[in-house]
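Here's a quick tour of one protein model, from its ligand site out to a few spots along the chain. Keep the 3D view open and click along as you read.

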Amino acid sequence: MEIIIQPSAEAASTLAARHVARLVREKPNAILGLATGSTPLALYRELIRLHRDDGLDFSHVTTFNLDEYVGLAPTHPASYHAFMHENFFAHLNVPASRIHIPDGLATDIPTHCRAYEDAISSAGGLDLQILGIGSDGHIGFNEPSSSLASRTRIKTLTPETRDDNARFFDSPASVPHHVITMGVGTIMDARQVLLLAFGEKKAHAIATAVEGPITAMNPASILQMHPVAKCLLDEPAATQLTRRDYYRWVFEQKPEWQKV
Ligand code: PGA
């Protein structure tokens with residue numbers, strides 16, 4: 001894993017956006033895996049700016065989101081459909097037909113999940129997956145103990161994740177218990193992964209994922225096995241890493257052609 005520590009979440013998000021923009025310029029029909037939550041917001045704002053000011057074109061891009069709450073209609077304000085529309089799709093030109101988000105109202109969830117996996121494969125597989133990390137180490141909604149080989153399926157949220165996400169709902173009790181999420185195996189099949197983590201609340205999950213053993217108890221730790229995974233952190237999220245100085249040194253020594 002490449003660990004990139006930046007002075008602020010803004011700086012890390014700008015780097016991440018530059019990386020995504022480079023992919024989209026080099027491969028206009030890129031297949032992007034997208035995430036929700038607070039973490040990718042600054043990255044999305046920067047991609048929207050690049051679209052508006054520099055003409056970054058998303059008209060041939062296809063997107064697949066990681067997850068959605070079971071039982072929420074796309075019009076529900078806390079649904080990830082609504083989140084993505086409000087924070088991303090309303091502001092740039094990904095055609096609606098190329099946007100994929102799991103359907104929280106699917107009546108036959110296993111069939112829907114298989115179809116989601118098939119759609120990713122038929123599109124050619126994910127070129128790049130953007131990830132946040134839960135304070136419990138989840139990626140997507142793959143909670144601790146998730147199979148590290150899992151595919152898109154239904155999962156039950158931990159009480160910790162329901163608490164973390166209660167801020168998006170009217171009351172803690174209205175946070176759904178179930179979600180549909182890409183599996184850890186689905187994420188691992190992406191050709192590149194960008195994991196973003198900001199704030200001290202993520203420091204323990206990051207230290208465990210990056211420097212701990214690979215374990216289903218911290219699903220993000222499987223990214224140690226990914227051939228092209230970059231982990232972009234702000235200073236507070238990096239505080240529990242024992243080798244921070246080494247990661248900084250590596251980043252500073254990169255040959256020009258290898259820089260993000
Ligand atoms: P957050 O969530 O970006 O809102 O902190 C991250 C996650 O749960 O994956």
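Helices and strands here are DSSP runs, with helices at least four residues long and strands at least two, numbered from the N terminus. One heads-up before we start: this is a predicted model. With that naming in hand, you can find Thr 181 in strand S8, which covers residues 178–181.

**The ligand site**

- Which residues are around the ligand? They are Gly 37, Ser 38, Thr 39, Gly 132, Ile 133, Gly 134, His 138, Arg 167 and Lys 202.
- The ligand sits in the largest pocket.
- Ser 38 uses its backbone here: one of its backbone N or O atoms lies 2.9 Å from an oxygen atom of the ligand.
- His 138 comes in with its side chain, placing a polar atom 2.6 Å from an oxygen atom of the ligand.
- Lys 202 also has a side-chain N or O atom 2.6 Å from an oxygen atom of the ligand.
- Taken on its own, the ligand has 280 Å² of accessible area, and the protein covers 85% of that.

- Is Thr 181 buried or exposed? It counts as buried, because its relative accessibility is 0% and the cut-off for buried is under 20%.
- The side chain of Thr 181 has a polar atom 2.9 Å from the backbone nitrogen of Phe 141.
- Leaving out residues up to four places away in sequence, Thr 181 touches a set of residues that includes Leu 66, Asp 67, Gly 140, Phe 141 and Arg 153.
- Leu 66 is in the loop between strand S3 (62–65) and strand S4 (67–69).
- Leu 66 has 3% relative accessibility, so it counts as buried.
- Leu 66 and Ile 180 are 114 residues apart along the chain, yet their C-alpha atoms are separated by 8.4 Å.
- With residues up to four places away in sequence left out, the contacts of Leu 66 include Leu 34, Ala 35, Pro 102, Ile 180, Thr 181 and Ile 187.

- Helix H7 spans residues 203–211, and its buried residues are Ala 203, Ala 205, Ile 206, Ala 207, Ala 209 and Val 210.
- What covers those buried residues of H7? The cover includes strand S1 (2–6), strand S9 (193–197), strand S10 (229–234) and helix H8 (244–253).
- Over in helix H1 (residues 9–26), you'll find Ser 13.
- Ser 13 counts as buried because its relative accessibility is 1%.
- Setting aside neighbours within four places in sequence, Ser 13 is in contact with Ala 42, Leu 43 and Phe 198.

- Ser 145 is in the loop between strand S6 (128–131) and strand S7 (153–156).
- The phi angle of Ser 145 is near 85°, a positive value in a residue other than glycine.
- Why does Ser 145 count as partly exposed? Its relative accessibility is 48%, and partly exposed lies between the buried limit (under 20%) and the exposed limit (over 50%).
- Lys 259 lies in the segment after H8.
- At 30% relative accessibility, Lys 259 counts as partly exposed.
- Lys 259 touches Arg 22 and Lys 254, if you don't count residues up to four places away in sequence.
- The C-alpha atoms of Lys 259 and Leu 15 are separated by 9.9 Å, with the two residues 244 apart along the chain.

Terms used:
Residues are numbered from 1 along each chain as its sequence is written. This is a predicted model: local features need pLDDT of at least 70, side-chain atom pairs count only at pLDDT 80 or more; totals for chains, interfaces and linings use all residues. Side-chain values use heavy atoms; hydrogens and water are left out. Buried means under 20% relative accessible area, exposed over 50%, partly exposed in between (1.4 Å probe, protein chains only). A polar contact is a pair of N or O atoms within 3.5 Å; within protein, one must be able to donate a hydrogen and the other to accept it, and residues adjacent in sequence count only if both atoms are side-chain atoms. Contact means heavy atoms within 4.5 Å. A residue is near a molecule or strand if one of its heavy atoms lies within 4 Å of it. Accessible areas come from the Shrake-Rupley method with a 1.4 Å probe; for residues, only the protein chains shown count as cover. On a 1 Å grid over the protein atoms alone, a cavity is a set of points where a 1.4 Å probe fits but cannot get out, and a pocket is an open set with protein on both sides within 12 Å along at least five of seven lines; lining residues have an atom within 4 Å of a point. A molecule sits in a cavity or pocket if more than half of its atoms lie within 2 Å of its grid points.
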